[in-house]
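I opened this notebook to keep track of what I looked up, one entry at a time.

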Amino acid sequence: MLLEQFNEADRAEAIAVLRPCVDVTRWCEHLADHRPYRSIDELVDEAEAAESPFTAEEVAQALSHHPRIGERASGQSTEATLSRAEQAGLGQGDAELARAIAEGNAAYEARFGRVFLIRAAGRSAPEILDALTERLDNDEASEDVAVAQQLREIAVLRLKGLISR
Ligand code: 2AL
């Protein structure tokens, strides 16, 4: 969608465009209600800062849409299509790495009680495994900050992909 169309869409439509970026209602409404944007940069600046920090409930809701790293999202929804593209860099080749990531996911879920989330676009499988291993050592408070930051990074990347000049 062009920025101009996003600026002129009705509120419900603008929110519907934003929702697949991150399912945090306050963030979607904030960005919809701050229209019009004069440039993509202005929209991105707003998206990076809006409604920070997300609450624990908002993070949980947003995370519910993310498949595990290494698991291909099924279906044709905008979110599934974006997720598959984001995880494309993982490649299919290395079974050893895939197993290590699956084990890391399980350890993360046992420790923090939620799915391990990372902005996957632009990261290789070894980079993701390193980050996962490192984040397993975080205390809960630092890890809450890390997750919220990754959600926002994914949201901003998705926004840039969905709205163009
Ligand atoms: C994902 C995903 O689907 N896209 C992305 O960047 N990260 N999932 C995840 N568990 O981190």
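I began with Ala120, where a backbone N or O atom lies 2.8 Å from an oxygen atom of the ligand. I keep in mind that I am working with a predicted model, and that every distance I note is computed from it. Next I looked up Ile118, and found that a polar backbone atom of Ile118 is 2.8 Å from a nitrogen atom of the ligand.

Where does the ligand sit? I found it in the largest cavity. Around the ligand I listed 13 residues, and those that come nearest are Ser83, Glu86, Phe116, Ile118 and Ala120. When I sorted this shell by class, I wrote down seven nonpolar, three polar and three charged residues.

I moved on to the pockets, and for the largest pocket I noted a volume of about 400 Å³. Its lining has 20 residues, and of these Gly70, Glu71, Leu90, Gly91 and Gln92 lie nearest the centre of the pocket. The elements that give two or more residues to this lining are helix 6 (78-86) and helix 7 (95-112). I also looked up which element gives the largest share, and this is helix 7, with five residues. By class, I recorded nine nonpolar, six polar and five charged residues in the lining of the largest pocket.

Among the residues that line the second largest pocket I wrote down Pro53, Phe54, Thr55, Arg114 and Asp144. Helix 5 (56-63) and helix 9 (140-162) each supply at least two residues of this lining. Which helix gives the most to the lining of the second largest pocket? I found that helix 5 does, with four residues. By class, the lining of the second largest pocket has eight nonpolar residues, one polar residue and two charged residues.

Key. Residues are numbered from 1 along each chain as its sequence is written. This is a predicted model: local features need pLDDT of at least 70, side-chain atom pairs count only at pLDDT 80 or more; totals for chains, interfaces and linings use all residues. Side-chain values use heavy atoms; hydrogens and water are left out. On a 1 Å grid over the protein atoms alone, a cavity is a set of points where a 1.4 Å probe fits but cannot get out, and a pocket is an open set with protein on both sides within 12 Å along at least five of seven lines; lining residues have an atom within 4 Å of a point. Grid points are joined across faces, edges and corners, and a volume is the space filled by probe spheres set on the points. Ala, Val, Leu, Ile, Met, Phe, Trp, Tyr, Cys and Pro count as nonpolar, Asp, Glu, Lys and Arg as charged, and the others, Gly among them, as polar. A residue is near a molecule or strand if one of its heavy atoms lies within 4 Å of it. A polar contact is a pair of N or O atoms within 3.5 Å; within protein, one must be able to donate a hydrogen and the other to accept it, and residues adjacent in sequence count only if both atoms are side-chain atoms. A molecule sits in a cavity or pocket if more than half of its atoms lie within 2 Å of its grid points.
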